[in-house]
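Try each one before reading its solution.

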Amino acid sequence: MAPQAKRSRSTSTNKKSLAKQVRLTDSFRQKKIASSQNVTGKKLQPQSSTEVVPPAASHTPSDEVEDSAREIETEGEVESQELSAPPEEDVQREADEQVVSVEPEVEEPLDYDDPQYRAYFDKTQKVNIAAPIHQQGVSTVLRILKNFDLTAAYGPTVGMTRLQRWHRAEKMGLKPPEVVYKILISKEGKSMDELREGYLYGQI
Amino acid sequence: MAPVASSSTLDPEYLLSDPKEDEAFPTFERRASSRELISKYNDEFALKNTEKTYEQQYASLYFLRLTVLKPRVSKVAAEAWNGMSILNQEVKAVDRVLDVRQGEFCWIVGTVYIEMTLKPNILDEITKEFWTTAPISKDKFADAANDAIMLEDESGRVNLVGSTIKSELLVTGCVVAVLGSETTSGDFDVVDIRFPQLAPQLPRKMSTGHERKYVALVSGLEVSGDVHESYETSMLFEYLMGELGGSDDSKHASEIIHVIVAGNSFSNRRSPVSRDEESLDNSQRKKKKYGYDSSSYNSKPTEALDILLADLSASVSVDIMPGDQDPTNYSYPQQPINAALVPRTRRFLGSSFRSVSNPCWWDIEGLRILGTGGQPIDDIFKYIEGDDRLQMMEACLRWQHCAPTAPDTLWSYPFRDCDPFILNETPHLFFAGNQPEFKTKIIVGEDGQQVRLVAVPKFSETGKIVLVDLESLASEVVTFALNGTGR
């Protein structure tokens, strides 16, 4: 009984997301499970078919709960900040994540309807006092990426791809969001100009 | 006028007596030295042609500078000002420059930007096209009365006022923390200012040997290869090879284990051929292809320098660093001079000859050296009031940035991923070439760091080179002059 079963509209999407879970990095899967725990409000049994590789040694089940708890608290603090400040994802990162992330060789196709994108984006929008205008046709993925572009804390966006900017922010220790990274390393994220390049691409 | 070897202790009687049968003459040998480039820092200066892009803007460079230096300054500022209260109000740190409130004492961190009325402005040049005022070339563009000092970060700029800020040595591009409060007119009245101060320094490895080791710093050779080439240049090279002077001089020269030629080794004087061409009229002038006449290329400076360096490389390890007039890229950091320009010396590439970038970090026998060709210091000189080059070099170390005016007035590559001029470590020796005169001093940092600052003078003008003792960091000057030439 996957958490996605409640939200996805078809079983095929369900299977895709299950398959994807196998190939994600450990820590990201931890967060995915944690965030889905957050969403559904009940503790899940890890699916035996997907938990192929056990979590890293330092990550005990108690850490997992702690992480999710911390994630819930800190992501709720966004309302005190302006839009341009980065969301305080103070999730504790493991030691091996301090180094620059290495893209996996297999490029995943991007799931535009993945509910965690919606959830993440809604959290970042909590600081807004008004609803966004003229954004009916824009997909959540694009809105997340544009929000990443506009975050001043990660520096200027002109003249580099979003992935380069993400890597630069990570190298500086600014902790850019992993959701954005996941979108950018997908197949569409690497090939489509709309996703790969900043919002000023072609204009500046 | 024959050169006089003034430091020799040869006895005239000895010279005038008959040669002895079993005379033994001491031969001095140079010891091999370990001299390496610190690749951790030098790799950031290297710009491969295949990887260079100019699509990014310079804002990235300023962003990188502020992101790296802001925590360092904040730490120093917090140590100084946390818990302090002015007028019964506790001072607090404010994250963004625009968030200061009137009447509150707070401290902010940002990049300094100095709006200078006399600074050449591209917009002024465009308006001047319609008028006939001749441009006034000045040495300095600083005007204390009219310059506005501002502090900038990603949120915006705020004007800094107050007597404290006027008396500080500041240039555009250094990152500072200022304490003060906002006035009614929206300016920030500064009470106190803090810099990142000297970066941590690696301890010097003192060797146990008793022999002295020197590194020779030469700058501004301006070899022209003309008939009127200065005699001092050949004296210099003979001295470094141990062929000049008496046995004392040879012994001293044998203690030099490394020579750094820092900047402006090639003269940029035009060949006599091109001067005659100017008197010809249009029909007689040679057709220019691609905008320049290739037959007027003067290869004499390159050949002359090549011969000198090849001889020198056979005797001592040499590093050549480009200056602002050398045949490499003009923008800072300058890439190493291509060894193809000096084919005879190129044979020593990999053993005793090396072409390095400007600026460059060395590690010679455990001594960490940072050297520049002098461009950042010359650039800072243009935008501040004072003349003291050593004070500017010390300021660079205290700002933890060796070229703060890049990219504002010092041309620079628009770095996107890291600002390579940020000093993560304080060197033991910091030198700047092509300076007008020799100056040196030792500065001491808060954590006991000791740095020897050396302003290396231009050899073509002063005839001086600097020798720095690697053990004691003492510096001495060797002057080459012809008697009667008034130098």
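**Exercise 1.** What percentage of the residues in chain A is buried?

*Solution.* This is a predicted model, and its chain A has 204 residues, of which 43% are buried. Next, look at the secondary structure: chain A has ten helices and zero strands. Its pattern along the sequence therefore reads α-α-α-α-α-α-α-α-α-α. Now turn to the contacts. Taking those between residues at least 6 apart in sequence, 65% join residues at least 24 apart.

**Exercise 2.** Is Ile122(B) buried or exposed?

*Solution.* Start by locating the residue: Ile122(B) belongs to helix 4 of chain B, which covers residues 122-128. Its relative accessible area is 54%. The cut-off for exposed is over 50%, so Ile122(B) counts as exposed.

**Exercise 3.** How many of the eight residues of helix 11 of chain B are buried, and what do they pack against?

*Solution.* Begin with the range: this helix spans residues 375-382 and is mostly covered, with six of its eight residues buried. Name them next: Gln375(B), Pro376(B), Ile377(B), Asp379(B), Ile380(B) and Phe381(B). Last, find what covers them. In chain B, the buried residues of helix 11 pack against strand 15 (367-372), helix 12 (389-398) and strand 16 (429-435).

How values were computed:
Residues numbered from 1 in each chain as written. Chains lettered and ligands numbered in written order. Predicted model: local features only at pLDDT ≥ 70, side-chain atom pairs only at ≥ 80, totals over all residues. Heavy atoms only, no water. Helix = DSSP H or I, 4+ residues; strand = E, 2+ residues; numbered from the N terminus. Buried < 20%, exposed > 50% of the residue type's maximum accessible area, 1.4 Å probe, protein only. Contact = heavy atoms within 4.5 Å.
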